[in-house]
Amino acid sequence: MEGGKPSTQRHSSGAVRPIVLVVVAVSLAAVLFMATRVSPGCRPLLKAVYQQGLGRAGPSATADPLLGGLLSPDFDDRSCLSRYRASLYRQPSLHNLSSHLVSRLRRYESLHQLCGPGTPAYSRAVARLREAMDGHASSNSTSSSDTECSYIIWIPVEGLGNRILSTASAFLYALLTDRVLLVHHPADDLNDMFCEPFPGSNTTWVLPEEGFPIQGIKGLNVRTRESLGNALGRGEGSRDPPAPWLYVHLQTDYKPDDRRFFCDDGQETLRGVRWLVLRSDNYVVPGLFFLRRYEEELVRLFPRRDTVFHHLGRYLFHPSNTVWGMATRYYSSYLAPAEERVGVQVREFKYARISADERYKQIISCASRESLLPAVENATLPSSASDHHQEQEQEQTKRKAVLVVSLNGDYYDKLSSLYYEHGAAGGGAVSVFQPTHLGTQHSEKRQHNQKALAEIVLLSFSDVVVTSAQSTFGYVSQGLAGLRPWVLMLPVDGKVPYPPCRLASTIEPCFMKAPHYDCRTRGDSDNGKLVPYIRQCEDVSYGVQLVE
């Protein structure tokens, strides 16, 4: 999807004529263009555009640009178009916010403006860190009016979905421990991806590299001497004074002592450390619910525990204007005219191989079995799909747009050919689209990441979502959309499993590499059986997730 230009996209339509699409796209573009040509003091005009709900085809529920108070109003809308406009395109959230979460977010924003990079408090904190690392007592004494700031630095990992989920986890930990979240963006691949999530023109959430005392952050790993796990293993958990900084390793290869992060002694060790550096490729939020010291606060923040990522994801991750332009241009050109949008996200794994033909059969079986797509006239379908043909004919008359998101173009080709050659039963129209089919994943190339993020955004605009088991890309999409997905289960011996898909019990992502650690005995434990609201993931037998 180079530059998001509609003319280069793959698409197939059974009934939607191109000229209709052009008119819709031009009309929407004109409205949004007028909405952006306002001075900073003219927000009422922009608010009026939001209230019309012009992002989705036809009239829709009143859009709420601040998402019920989740977002701060203290931003210049033009600097980040997606922040206040996402509500035009997504279904209204069915998941209520707690007033306590709103209050804590405003409190965090004030803390970030006080302690973030570019502030005097940040400069003092870095100076104290440098002196402590050099073995000198701090000459920069703290007065009664001085603020002692604490920080957690997030290190990027491979995979866009992993990055988003681990950043959300780090932010929740920052909320619970009154730390300022900083992200380490050493490479070009993460530039122009997301807007700054926190208000305040005087600071940023990006860690300034120049002159920062902790060197070689990118190379920190499970063997790093300054890691929490290694410190606990050496019996150095109760240092006085505390270490100037510690590294927290929560990646897939973490060891038993690293997993003590989810135990009281691990948290006690970290409590007085002003600078933490975190590397994680996991959504570790369920693990924070194991910690009794945070239990009461977490309940107040999230009375419904299965909405953590839904709220934090919509708060933190606002695509840059470049990415937002890709997503909205594609939506306006192809998806907006439909009455229902069905997102189908297909991810393949080397450890769960399945042929393209078998995978396509699984998609069709799922879509037909669960009445996600209409049957087709005079076509041979898998037996599990054809059984549902008769019961669908009366109901499936909507104009549907199917968005296929996959590195492979085969599924688009087969699905679009099916509806092009046979047509939908019952008089409905089905159009099939695929923005990109890159063949392989390139998680360290900016252009690839921008396109991948645009596809996540497009999936989050869906009314129904079908995702792939164990895909963090899918987890992010369903969380932003606030939808329980239909999950394409892993193949069995290279064949379609039965059932081909299942409706997920929660919109929460899976903590795929849960610690399964008993803090009392320091042995193995089944984290999916400790509390009723944390269960084994349906698509990952060794993972856990939050449920309600």
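Reply: What follows goes through the charged pairs, then the aromatic rings, then the backbone.

Keep in mind that this is a predicted model. Side chains of opposite charge can pair when their charged atoms come close. Across the whole structure, a search turns up 24 salt bridges. Three of them can be set side by side here, and their surroundings are described along with them.

Start with Asp-77 and Arg-85, whose side chains meet in a salt bridge with an N to O distance of 2.8 Å. Is Asp-77 buried or exposed? Asp-77 has 6% relative accessibility, so this residue counts as buried. Arg-85 counts as buried too, because its relative accessibility is 4%; the cut-off for buried is under 20%.

Next come Arg-234 and Glu-236, which form a salt bridge in which the closest N and O atoms are 3.2 Å apart. Arg-234 has 33% relative accessibility and therefore counts as partly exposed. Glu-236 is also partly exposed, at 30%.

Asp-526 is partly exposed, with a relative accessible area of 35%, whereas Lys-529 counts as exposed at 69%. Salt bridges can also share partners: Arg-104, Arg-107, Asp-178 and Glu-297 are joined in this way into one network.

Now the aromatic rings. A pair of such rings is described by the distance of the centres and the angle of the planes. The count of aromatic pairs in this model comes to 25. One of them is formed by Tyr-89 and Tyr-331, and is edge-to-face, with 5.3 Å from centre to centre and 85 degrees between the planes. Which parts of the chain does this pair tie together? Tyr-89 lies in the loop between helix 3 (81–85) and helix 4 (99–115), while Tyr-331 lies in helix 12 (residues 321–335), so the pair ties together parts that are 242 residues apart in sequence. Both Tyr-89 and Tyr-331 are buried. Elsewhere, ring pairs link Tyr-108, Phe-171, Phe-198, Trp-205 and Tyr-315 into a cluster.

Charges and rings also meet. Arg-305 lies over the face of Tyr-533, at 3.9 Å from the ring centre. The charged end of Lys-414 sits over the ring of Tyr-360, 5.9 Å from its centre.

That leaves the backbone. Most residues other than glycine have a negative phi, and most peptide bonds are trans.

- The peptide bond from Asp-240 to Pro-241 is cis, with omega near 5 degrees. Pro-241 belongs to the loop between helix 7 (228–233) and strand 4 (245–249).
- Tyr-498 and Pro-499 are joined by a cis peptide bond with omega about -5 degrees. Pro-499 is in the loop between strand 10 (486–488) and strand 11 (501–503).
- Gln-470 is not a glycine, yet its phi is positive, near 65 degrees. Gln-470 is in the loop between strand 9 (464–468) and helix 18 (472–481), and is buried, with a relative accessible area of 9%.
- Arg-522, also not a glycine, has a positive phi of about 55 degrees. The place of Arg-522 is the loop between strand 12 (517–518) and strand 13 (523–524).

Technical notes: Residues numbered from 1 in each chain as written. Predicted model: local features only at pLDDT ≥ 70, side-chain atom pairs only at ≥ 80, totals over all residues. Heavy atoms only, no water. Salt bridge = Lys/Arg side-chain N within 4 Å of Asp/Glu carboxyl O. Buried < 20%, exposed > 50% of the residue type's maximum accessible area, 1.4 Å probe, protein only. Helix = DSSP H or I, 4+ residues; strand = E, 2+ residues; numbered from the N terminus. Phe/Tyr/Trp six-rings, centres within 6.5 Å; stacked < 30°, edge-to-face > 60°. Lys NZ or Arg CZ within 6 Å of the ring centre and 35° of its normal.
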